[in-house]
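Visitor: I should like to learn how to read the features of a helical model. Please take me through them in order.

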Amino acid sequence: MFNNLKNILIGVLAAFLVIAIGAGAYSAFALPAAATSTSSALYGGNGNGGNGGNGGGVQITAIPASDLSAEEAAALLFMREEEKLARDVYNQMFALWGQPVFQNIAASEQTHMDQIKLLLDRYGLTDPALAPGQFTDPNLQALYNQLIAQGSVSLADALKVGATIEQVDIADLQARLAKTDNADIQLVYNNLMSASYNHLNAFNSTQQGGNGQSQGGRGNGYGRNH
């Protein structure tokens, strides 16, 4: 009888040992997966194939706000309207020519506007954006009028307008990125600049493939959220 009791106790202890080992192994594999899920929720996924659109890296809300200089504030207001200029021009070019590249990238520019708006709200700045085709900045208003006139001549000219807008956007983002040390602003500017390179490639590729007119540059397409 004593031997039977001993064997039963040994069996129970062995069963507990197996369960404990299994639980440890599960935790070793499950915890990294959970950490990855949490990290993805906080930092975003891989984005949209370009710059991440709304961000392939840390989200704005994960970065503490910093002091904002007058120059940084002016830059945000300007970039809000410049992204709006791109959206408004592309919407007009799509309505005129029906070329899908304009519709897709116009949707992307709306995303860019939204990112800048998050920064405006965060720093308590008044949104300068007006109705489509209207701008607070007189220089941007003049540029919009000029680009609409140029893009209305032909589809080839409209695609050149798209490439021009992206080149200007890249240059303006680079200039303003160099003059801010705020991590949240740097994040957004870098996202937008990466997307602008994708858009520039898309316009150049469309010119080469659809119109036989090369502006130089190569690309592999675009996405709505770039």
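Guide: The dialogue below goes from the whole chain to its core and then to single helices. This is a predicted model, in which local features need pLDDT of at least 70, side-chain atom pairs count only at pLDDT 80 or more, and totals for chains, interfaces and linings use all residues. Residues are numbered from 1 along each chain as its sequence is written, and side-chain values use heavy atoms, with hydrogens and water left out.

Visitor: How many helices and strands are there in the chain?

Guide: Helices (H or I, at least four residues) and strands (E, at least two) are DSSP runs, numbered from the N terminus. The chain has six helices and zero strands, in the pattern α-α-α-α-α-α.

Visitor: What percentage of the residues is buried?

Guide: Buried means under 20% relative accessible area, exposed over 50%, and partly exposed in between, with a 1.4 Å probe and protein chains only. Of the 226 residues in the chain, 37% are buried.

Visitor: Which residues of the largest nonpolar core touch the most other members?

Guide: In soluble globular proteins, nonpolar side chains tend to be buried together. A nonpolar core is a set of buried Ala, Val, Leu, Ile, Met, Phe, Trp, Tyr and Cys residues joined through side-chain atoms within 4.5 Å. The largest one here has 41 residues, and Leu85, Val89, Tyr90, Phe102, Ile165, Tyr189 and Phe203 touch the most other members. Helices H2 (70-97), H3 (100-122), H4 (138-151), H5 (155-177) and H6 (183-211) each supply at least two residues of this core.

Visitor: With which residues is Tyr189 in contact?

Guide: Contact means heavy atoms within 4.5 Å. Beyond its neighbours within four places in sequence, Tyr189 contacts Ala75, Leu76, Met79, Ile116, Leu173, Arg176, Leu177 and Thr180.

Visitor: Which residues of H4 are buried, and why are they on the same side?

Guide: An α-helix has 3.6 residues a turn, so residues three or four places apart point the same way. In H4, the buried residues are Leu140, Tyr144, Leu147, Ile148 and Gly151. They lie on the same side of H4 because they cover an arc of only 100° around the axis, taken from the directions from the helix axis to the C-beta atoms. These buried residues pack against H2 and H5, while Pro138 and Asn139 are exposed on the other side of H4.

Visitor: What span should H4 have?

Guide: The expected span is 1.5 Å times one less than the number of residues. For the 14 residues of H4 this gives 20 Å, and the end C-alpha atoms are 20 Å apart, which agrees.
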